[in-house]
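Visitor: I am new to this kind of picture. Could you show me how to read it?

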Amino acid sequence: MTDHGDRSGRWPVWAVALVIYPFAAGAAAVNLFFLFLMLQAIGLRALTPFEAIAGGVILGVPFAWVLGKWTHGMITQAEDDA
């Protein structure tokens with residue numbers, strides 16, 4: 001086994017977040033698109049699909065980091081309890 005600094009064999013938070021990023025970015029894009037469709041009721045314009053994807057790419061970074069930290073904590077807790 002190679003030594004990458006983490007002797008427990010657990011993935012670091014950044015690696016978990018990197019794996020989760022495509023899902024976080026996709027979810028953010030879909031949610032932005034539908035949010036702005038609903039906001040048309042108060043006079044805002046709807047986002048184009050490309051604008052929603054661009055927003056998802058940007059918002060996917062902090063969302064993936066938060067979800068990565070949460071997932072890493074859950075994995076750590078589950079391994080420590082076993």
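Guide: Let us start at the surface, where W14, L18 and W65 make a nonpolar patch of about 400 Å². Such patches join nonpolar side chains (Val, Leu, Ile, Met, Phe, Trp, Tyr) within 5 Å, using residues with over 30% relative accessible area and no salt bridge, while like charges are joined within 9 Å. A salt bridge is a side-chain nitrogen of Lys or Arg within 4 Å of a carboxyl oxygen of Asp or Glu. Areas come from the Shrake-Rupley method with a 1.4 Å probe, and for residues only the protein chains shown count as cover.

This is a predicted model: local features need pLDDT of at least 70, side-chain atom pairs count only at pLDDT 80 or more, and totals for chains, interfaces and linings use all residues. Residues are numbered from 1 along each chain as its sequence is written, and side-chain values use heavy atoms, leaving out hydrogens and water.

Visitor: Is L18 buried or exposed?

Guide: Buried means under 20% relative accessible area, exposed over 50%, and partly exposed in between (1.4 Å probe, protein chains only). L18 has 58%, so L18 is exposed. L18 sits in helix α1 (residues 13-38).

Visitor: How many helices does the chain have?

Guide: Helices (H or I, at least four residues) and strands (E, at least two) are DSSP runs, numbered from the N terminus. Here there are two helices and zero strands.

Visitor: Which residues are buried in α2?

Guide: Among them are A52, G55, G56 and G60. The buried residues of α2 pack against α1, where contact means heavy atoms within 4.5 Å.
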